[in-house]
Amino acid sequence: MKGAGVLIVSAVCAWPAPAGAQAMADGDRVMTAVRAALAPALPFPDTDDSGTVPANGSPVPAWMVRPRQPGERSIEVMANPLNEINQARAMRAMAQIGVAIDAAQRRAELQYERAVAEAKRTGRSQDVDGVGLSDEGVAGARIDAEAHVTIDVDFNQPSYTFGMESSVAPAPSRSVAIAGAVAIIMVPSNVFRVKVAERSEEKFSPAEAVVLFGTLGMPEVRERSENAYEVVAPAAAAEHPSPVRTMAIRLRGNEVLIADILRKTDWPQVLELLK
């Protein structure tokens, strides 16, 4: 009986892990290494369970980090709402948002008055736009984007494609160099105009940075429209002994914090994954 038990245990231990479970394990291993490499750049407290304030309740740090859940390929850094500087910045933004909402309200009222007059004249009703989140304007989009940095990690893809809405074309970084990276593609925060119905509106484009590693060709920037671009990085046909052959790390949000992360991250620790 003891011998049979040993055989059963050996058989179970030798059984291969399901593909999905292995992919999750590989992803968690990569994310653990990337998070450790980011530690010098993100010396901030974790959030509480609700993800709204620092777990330690401190108003001192400007930023906080939401703990990553198993299987997630993103790291989210958020402005600490208890910090006085962040509170003052939010108050200024709310004042600007209030001005934009008032203007949208006036437009909606004028549209309603014209629709009523037209209905009386022709007997036909017309749709009237209300006031929504989009009417917060650039100020609302800016404060939301600049209160976050989202770091997305992907690896071992046959190619990487990133769509970007911007008035400024994505381009290789001139200010940041990372030894061992294939390329660093940057987009500064900017504002552009789009046509909505009968009027044009301003939209805010947050800063972005994409760092590429491994057996990848040089990324190509393709212009899709006046304010839309696509960055494509194909995998190169090369042998690579490491389980992690290619990797892309995309950062979006607060421009100052992104620059700080690019400077302070322990990139050699990331490169160890590709050796």
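Colleague: Which residue forms a salt bridge with Arg68, and how far apart are the closest N and O atoms?
Modeller: Arg68 forms a salt bridge with Asp28, and the closest N and O atoms are 3.3 Å apart. A salt bridge here is a side-chain nitrogen of Lys or Arg within 4 Å of a carboxyl oxygen of Asp or Glu. Bear in mind that this is a predicted model, in which local features need pLDDT of at least 70, side-chain atom pairs count only at pLDDT 80 or more, and totals for chains, interfaces and linings use all residues. Residues are numbered from 1 along each chain as its sequence is written, and side-chain values use heavy atoms, with hydrogens and water left out.

Colleague: Where do Arg68 and Asp28 lie?
Modeller: Arg68 lies in the loop between β1 (63-66) and β2 (74-79), while Asp28 belongs to helix α2 (residues 19-38), so the pair ties together parts that are 40 residues apart in sequence. Helices (H or I, at least four residues) and strands (E, at least two) are DSSP runs, numbered from the N terminus.

Colleague: And how accessible is Arg68?
Modeller: Arg68 has 26% relative accessibility and therefore counts as partly exposed, and Asp28 is partly exposed with a relative accessible area of 21%. The cut-offs are under 20% relative accessible area for buried, over 50% for exposed, and partly exposed in between (1.4 Å probe, protein chains only).

Colleague: How many salt bridges does the count come to?
Modeller: By this rule there are 14 salt bridges. Among them, Lys275 and Glu272 meet through their side chains at 3.0 Å, N to O; Lys275 is exposed at 66% relative accessibility, whereas Glu272 is partly exposed at 47%.

Colleague: Which residues are linked in a network of salt bridges?
Modeller: That network links Glu220, Arg222, Arg224 and Glu230.

Colleague: Switching to strands, how many residues of β9 are buried?
Modeller: In strand β9 (residues 207-214), 7 of the 8 residues are buried, so the strand is largely enclosed by the rest of the structure.

Colleague: Which strand do 8 bridges join to β9?
Modeller: That is strand β12 (residues 246-253), which runs antiparallel to β9, and the bridge partner of Val210 in β12 is Arg250. Strand β6 (residues 183-187) is also antiparallel to β9 and is joined to it by 5 bridges, with Leu212 in β9 as the bridge partner of Ala183. Two strands pair if DSSP finds at least two bridges between them.
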